[in-house]
Amino acid sequence: MPNAKLKHYLHLHLLVFIAGFTAILGELITIGALALVWYRMAIAGILMLLYIKIIKLNIKITKRTFLQFSAAGIIIALHWITFFEAINQANVSIALAMFSSGAFFASFIEPIFFKRRILGYEILFGLIVILGVFLITSSEMGYINGIVLGLLSALFSTLFAVINGRFIERYNATVISFYEFISGVLFLTVFILLSGMEFNVEFFTLSQMDWVYIFILASVCTAYAFIGAVEVMRYISPYTVILSYNLEPVYGIAMALILFPETEKMSPQFYIGATLVIATVLMDAVLKNYKKRKTKTNTIIN
């Protein structure tokens with residue numbers, strides 16, 4: 001039994017590592033963020049469809065549900081576009097540090113969706129995150145465009161996570177993801193055509209390495225990572241999974257420093273700010289778990 005548990009924990013951290021590696025691929029792929037996200041969602045959608053066919057999953061939904069999934073798919077597309085564009089405008093470290101601020105947005109967005117009051121410590125943690133972001137911003141003004149895009153990416157990601165949190169109460173996770181990928185591709189297709197771009201030979205002419213990196217991004221970092229995250233929650237508590245995924249920026253920034261030392265070396269003030277943001281995110285998760293366990297204990301006693 002201990003060996004089986006260890007296997008699942010190692011699998012979980014492999015998934016977190018893969019999540020951090022997504023940013024590395026964003027740096028390596030040479031095409032624009034818009035085309036990159038279109039390829040990512042299209043290929044991941046096809047792979048997800050093959051998975052659905054293999055396991056013979058029923059994916060029938062109502063028109064209203066499809067529209068709801070479509071809205072979420074557009075939000076995740078916007079999250080990925082702003083995230084990869086933040087990398088293009090700045091670098092991996094900036095994009096991931098700003099992505100960590102999602103917990104700050106969640107502390108205000110979650111109470112609206114789930115109709116609960118804002119907790120005092122969430123406001124305190126929010127202020128600490130603002131301080132961390134201020135330190136990063138003031139020390140790296142040359143990357144201001146990337147910082148703004150990174151914050152937008154975190155906001156879209158939080159909206160997507162909260163909305164999906166409501167969906168998962170009623171629908172299968174694979175079905176949700178499949179329709180979100182497909183609707184994201186449709187949205188991006190229309191957006192690309194309206195922006196003056198064309199799906200011509202040039203659009204589909206990529207370097208060999210770009211094709212390799214995009215396929216890894218869509219298959220390993222998207223389709224497999226999603227299915228793996230759902231699977232690992234059968235054996236490990238959701239809290240541990242969420243807490244572990246908060247380490248994604250740590251893994252990503254560490255990998256970026258090793259792989260791109262020339263462009264990723266930042267000022268000491270940046271690392272102080274990033275540490276504040278990431279540490280606050282982890283502390284928020286720990287406190288939420290403590291309160292949840294305490295509530296359960298009191299309920300059992302009563």
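Let's start with how α3 and α8 cross: the crossing is right-handed. Keep in mind that this is a predicted model.

Where are these helices? Helix α3 covers residues 63–89, and helix α8 covers residues 173–194. They pack at an angle of about 65°, and their axes are 7 Å apart. That angle makes α3 roughly perpendicular to α8, because angles of 65 to 115 degrees count as roughly perpendicular.

Now, which residues make the contact? From α3 we have F66, F69, S70, A72, G73, I74, A77, L78, W80 and I81. From α8 we have V175, I176, Y179, E180, F181, S183, G184, F187 and L188. How do the residues of this contact divide? There are 14 nonpolar, four polar and one charged.

Next, the aromatic rings. How many aromatic pairs are there? The count comes to 21. I'll show you two.

Take F178 and Y179. Their rings form an edge-to-face pair. The centres are 5.3 Å apart, with 65° between the planes. Why edge-to-face? Because planes over 60 degrees apart get that label. Are these residues buried or exposed? F178 has 8% relative accessibility, so it counts as buried. Y179 is buried too, with a relative accessible area of 14%. And remember, Y179 is one of the α8 residues in the contact with α3.

The second pair is F187 with F191. This one is tilted. Centre to centre, it spans 6.1 Å, and the planes are 35° apart. Both residues lie in helix α8. They sit four residues apart, about one turn of the helix. How accessible are they? F187, at 24% relative accessibility, counts as partly exposed. F191, at 43%, also counts as partly exposed. The reason is that partly exposed lies between the buried limit of 20% and the exposed limit of 50%. F187 also belongs to the α3 contact.

There is a cluster to find as well. Which residues form it? Look for W38, Y39, F199, F203, F204 and W211: together they form one aromatic cluster.

Last stop: T174. This residue lies in helix α8. Its relative accessibility is 10%, so T174 counts as buried. What does T174 touch? Leaving out residues up to four places away in sequence, T174 touches M48, Y51, I52, L57 and F226.

To recap: α3 and α8 cross right-handed. F178 and Y179 pair edge-to-face, and F187 and F191 form a tilted pair. T174 is buried.

Conventions
Residues are numbered from 1 along each chain as its sequence is written. This is a predicted model: local features need pLDDT of at least 70, side-chain atom pairs count only at pLDDT 80 or more; totals for chains, interfaces and linings use all residues. Side-chain values use heavy atoms; hydrogens and water are left out. Axes are lines fitted to C-alpha atoms, for helices over the stretch in contact, and angles run from 0 to 180 degrees between N-to-C directions. Helices (H or I, at least four residues) and strands (E, at least two) are DSSP runs, numbered from the N terminus. Angles under 35 degrees count as roughly parallel, over 145 as roughly antiparallel, 65 to 115 as roughly perpendicular and the rest as oblique. A crossing is left-handed if the near helix is turned anticlockwise from the far one by less than a right angle, and right-handed if clockwise. Contact means heavy atoms within 4.5 Å. Ala, Val, Leu, Ile, Met, Phe, Trp, Tyr, Cys and Pro count as nonpolar, Asp, Glu, Lys and Arg as charged, and the others, Gly among them, as polar. Rings of Phe, Tyr and Trp (its six-membered ring) pair if their centres lie within 6.5 Å; planes under 30 degrees apart count as stacked, over 60 as edge-to-face and the rest as tilted. Buried means under 20% relative accessible area, exposed over 50%, partly exposed in between (1.4 Å probe, protein chains only).
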